[in-house]
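This report describes a single protein model, moving from charged side-chain pairs to backbone features, the sheet and the core. Please keep the sequence and the coordinates at hand while reading.

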Amino acid sequence: MSATVSFTVPSAHGQRPVTVSYARVGDGEPLVLLHGIGHHRQAWDPVVDILATERDVIAVDLPGFGASPALPDGLAYDLPTTNSVLAALFEALDLDHPHVAGNSLGGLLALELGREKLVRSVTTLSPAGFWSEAERLYAFGVLIAMRRISQQLPVPLVERLARTAAGRTALTSTIYARPARRSPEAVVAETLALAQATGFDATLRAGAAVQFTDDLPGIPVTVGWGTRDWLLVRRQGVRAKQVIPRARLVRLPGCGHCPMNDDPALVARVILDGSH
């Protein structure tokens, strides 16, 4: 069920109001899902119903993305602020140390929540923050190009392209290894979400100096990486394992940067196994 929740987050100028849109379904231990930059919570749709058979699933639109409004003046799109926002969200939804799974930017945020001991387990799929400088520049360049294209394409053209497998491939092959599997409606919606994401530019700027370097002792961590991830290449998974030696590193055969669409059953199994 889709809903919104509002709460306040501290800033240098006092408390600031934040509103977050989310969808919640299922029963069991709570599991929070966090999407990547420029995406929205519907990125998780292919796996939500599977996860909901065993978990209370909360898929979140990060502030400035999807249906969540932009952060108010005085709050930056950086990791400390986002940690504060998600901690306040957990409190508002009465989530006591939920499991968390994240993809790309969401994967980095999941790791940050683990570092702050705010969650009971972390599953991260192609997380940001384990790149070399050359790899980061490449990924950011691709993301900026995707954003510009999404903003320049007229909506009727996006809708027409999304009706065919070739068109869906042209629009989404950067993040999906099997883009033809994505529904036309989903491709249109996520193209518009990328074009309209008010938090995109500030989030990308804040990410320029990000490098995740902390181990997470006492927190179960699973790191999944698609073998066909061309945005954050899979050797970054080896670096993640070196930083977090106790992490479970899982290969996702045939999957791209957003593996939830490419192999929903495998991704759901990885998340459920990692959140016990």
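## Salt bridges

The side chains of Glu133 and Arg136 form a salt bridge with an N to O distance of 2.7 Å, where a salt bridge is a side-chain nitrogen of Lys or Arg within 4 Å of a carboxyl oxygen of Asp or Glu. The two residues are three apart in helix α4 (residues 133–152), so that about one helical turn separates Glu133 from Arg136; helices (H or I, at least four residues) and strands (E, at least two) are DSSP runs numbered from the N terminus. Glu133 is partly exposed at 46% relative accessible area, whereas Arg136 counts as buried at 8%, given that buried means under 20% relative accessible area, exposed over 50% and partly exposed in between (1.4 Å probe, protein chains only). The model is predicted, with local features needing pLDDT of at least 70 and side-chain atom pairs counting only at pLDDT 80 or more, while totals for chains, interfaces and linings use all residues. Residues are numbered from 1 along each chain as its sequence is written, and side-chain values use heavy atoms, with hydrogens and water left out.

Over the whole structure, the search finds 13 salt bridges. Another of them joins Asp215 and Arg246 at 2.6 Å, N to O, and this pair links distant parts of the chain, 31 residues apart: Asp215 is in the loop between α8 (200–207) and β7 (221–226), and Arg246 in the loop between α9 (235–243) and β8 (248–252). Asp215 is partly exposed at 27% relative accessibility, while Arg246 is exposed at 58%. Glu116 and Arg115 also form a salt bridge, with their closest N and O atoms 3.3 Å apart, and both belong to a network of salt bridges that links Glu112, Arg115, Glu116 and Asp214.

## Positive phi angles

Ser104, although not a glycine, has a positive phi of about 60°; Ser104 is found in the loop between β5 (99–103) and α3 (105–115), and counts as buried at 10% relative accessibility. Lys117, again not a glycine, has a positive phi of about 60° and lies in the loop between α3 and β6 (121–125), where Lys117 is partly exposed at 41% relative accessibility.

## The sheet

Eight strands make up an open sheet of mixed pairing, in the order β1-β2-β4-β3-β5-β6-β7-β8, two strands being paired if DSSP finds at least two bridges between them. Because β1 (2–11) and β8 each have a single partner strand, they stand at the edges, and one side of each is left without a neighbour in the sheet. Within the sheet, β6 and β7 run parallel and are joined by four bridges, and Thr123 has Thr222 in β7 as its bridge partner.

## The nonpolar cores

The largest nonpolar core has 81 residues, and those with the most contacts inside it are Phe7, Leu33, Leu34, Trp44, Leu51 and Val221; such a core is a set of buried Ala, Val, Leu, Ile, Met, Phe, Trp, Tyr and Cys residues joined through side-chain atoms within 4.5 Å. A second, separate core of five residues includes Val158, Ala162, Leu171 and Val187. Leaving out residues up to four places away in sequence, Trp44 touches, among others, Leu33, Leu34, Leu125, Met260 and Ile271, contact meaning heavy atoms within 4.5 Å. In soluble globular proteins, nonpolar side chains tend to be buried together.
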